Amino acid sequence: MPARHLARPAVAPRRRAAAAGSGVLALLLLAVGLALAPAPAAAAAATSMLRLAQLSPDQGDLELTVSSVANPDDTVLIAALGYGELSDYRTVEAGDYVIATRPAGSTEPPMVSKTISVQPGATTTVATVGPRAEGAVTSFTDDLTAPEPTQARVRVINAAPPATQLDVRGPSGEQIAGSLALGAAGPYTTLAPGETRLSVGPAGAPAAELPVTLNANEVSSIVLTSGDGGLKARVVVDAGGPSVVPPGPVHAGFGGAAIEAGPYRAMSSTVLVVLAAAAALMSARFARSR
Amino acid sequence: MTAVSGLLGTPPPWPLGLVTAVLAGVLLWSVTARLRLRPESRAASTAVYACCALLVELSTADGVDGRAALLLAAGGMFAAAGRRRSLLAALACAAAVALAPVVAVGVLVLLGMMALRKDLLTRFPVVVRRLTGVAAIAAAAGVAALLARAQAGPAVPVGVLVVLGSCALLIGGASWLRLPWLRPPVAAVGALVLCQFLPGPDLDAVLPAAAGLAVLAAVLTEEHHALFARPVLVGAVMVGVVATALLVPAVPLPVTPSPVADVAPVPARPAESQVDAVSITIPRLDLSGPLDELGVAGDGELLAPDDPARAGWYSGGVVPGDRGPAIVGGHVDSRSGPGVFFALRSLRPDDLVEITRSDGKVARFSVTRVRQVAKEQFPTAAVYGPTPRPELRLITCGGLFDRTARSYTDNVVVEAVAV
């Protein structure tokens, strides 16, 4: 039969073998390609966040400047807050910052300043505490970890002078915070969502019943303020999410553009890879023997 | 006769389709023998065919339907055997076209090339023959364009298109006769580069295409002296035609439908929410379209949109632009081709996603993370957990498709924060 093949000029066997070899190499590539898993996901960068809480009843509206120690030009302004209010979070780079407060809209030098260190990925609340004369700035770390999807996660912040030591109890009498100092934040507690009542009062004294409304899948700070009407509780949502969390994954594909899984895939791949490899190897052998 | 009608009737289930495709490959080996191609060229062209079949088998949900390929390979046998059996060959080709209209593309190209190569219409004037050849190839391009436009057409994997298109380029390109040893790597690299610009297939689909191309280029390296000789030409185009026939997917294996899909969506919408998400734009993916509302099934699971071509937002959750993670879901594919979120996994950090709301506001988000997670380990807390700022989650399917469960193994989750 060879005599009946196409008439052609002689080709160096080495080149022929190299060409056939490249075919085999290509098939190896194919096998490697099929074995490759999808590219690993890109990792998320840890962002740090900062916000201001205005917990001084007699200081009026305050604004906060946050200046990076490493780069003083990098200054963020968190604007105008009334008593008992918390600002939205601002994203900042991790590092040391000088925090300064001043009346909203003024250009006068800061009343109070403090240096804080922001950790990578940390969420921090900076609070102005106490009356103007002895005002101070404090900070506490917020934990925005998700609660159980059907639960609400809360903590209490005492911003109600002159109450220096407050006990806070939940609807069924469980302690949410004990002996909470002025300007301090209590630990996080999980509560059932919905309308509920907190009992708040100095240790050993009669407690006030304060209504609060909590939503599922939310992390909140309950800020206790004092005023003409006595103690008030104000719910500030730190982090919110859907109140109904669908369980499990999402089935969003019909397979029309899919790479198939399961035993069929392995079987069919094997059959075809063997066919392709056998043909390529034969090609190489014929080429070498010529 | 029942065998014949069975062959032409309902598409075969998965394993039979693959067996038929393998048979077609064996027959193709005989066709190239009849064409008196050299053994190494025959073997290499069979390798190209097997690569194509593998590509189709792996990149379509329902696998290979080898019937059209088998008919075409048989047609090639008849045609190579002599003029008297040309009628049988024509009948086999017609049956293959009836089974799979996409085959017409390859057959028309083959006829056009044969006319141009003086293998057809030999008694007609040269002008008529050449015009016919050009017309046939133009008609093939027209049919291909029509099939590509019609959404109901076959799901053509991009990788296979790359293989076939590059085959045509290689056969037609007479300019690279020098440095033959460079051709296989150049062809493979070319295919890889080309696929980089196409959304969707990753290395898994691109590498087989590159491998097939490299094998073909290896053959052509050997054969360049006789590149335009009739048997080589016919053999090469035959491989292309038969591979085209593989593009018709087989029917899926029968499965019990999942009960979840049959449950009517439960509106999970909070009454107080007034604002809707109206449309989504992802410039990087060239994606822009309206948003449906997503509900949850009776068991609470989030339902994907009914229409694979449209994305939807979970209206029982957070409105995009409000505090918390807003959820937008979309199908990765339909039964016949890519869905709205097919290219979602190719998003990268810092890519922009815009959601237009019914109050006129446009919520703008910047992608922070793209990840593929196993459905058994779906990160519910990371997806739905509370966040201090407005965020966005785009969800679709990914990973491998389990043909028996008719479900993907993974979810692709894109996390984005408001900017």
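Trainee: Among contacts in chain B between residues at least 6 apart in sequence, what percentage join residues at least 24 apart?
Mentor: The figure is 70%. Two residues are in contact if their C-beta atoms, placed from the backbone, lie within 7 Å. This is a predicted model, in which local features need pLDDT of at least 70 and side-chain atom pairs count only at pLDDT 80 or more, while totals for chains, interfaces and linings use all residues. Residues are numbered from 1 along each chain as its sequence is written, and chains are lettered from A and ligands numbered from 1 in the order in which they are written.
Trainee: What pLDDT does chain B average?
Mentor: Chain B averages 70, and 57% of its residues score at least 70. pLDDT is the predictor's confidence in each residue, from 0 to 100. Residues 172–182 of chain B have a pLDDT below 50, and this stretch has seven contacts in the model beyond near neighbours in sequence.
Trainee: Another topic: is A:Asn217 buried or exposed?
Mentor: A:Asn217 counts as buried because it has 28 C-beta neighbours inside 10 Å. A residue is buried if 20 or more other C-beta atoms lie within 10 Å of its own, exposed if 12 or fewer, and partly exposed in between, with C-beta atoms placed from the backbone. A:Asn217 also has a positive phi of about 60 degrees, although it is not a glycine.
Trainee: And B:Asp350, buried or exposed?
Mentor: B:Asp350 counts as exposed, because it has 11 C-beta neighbours inside 10 Å. Its phi is positive too, near 80 degrees, in a residue other than glycine.
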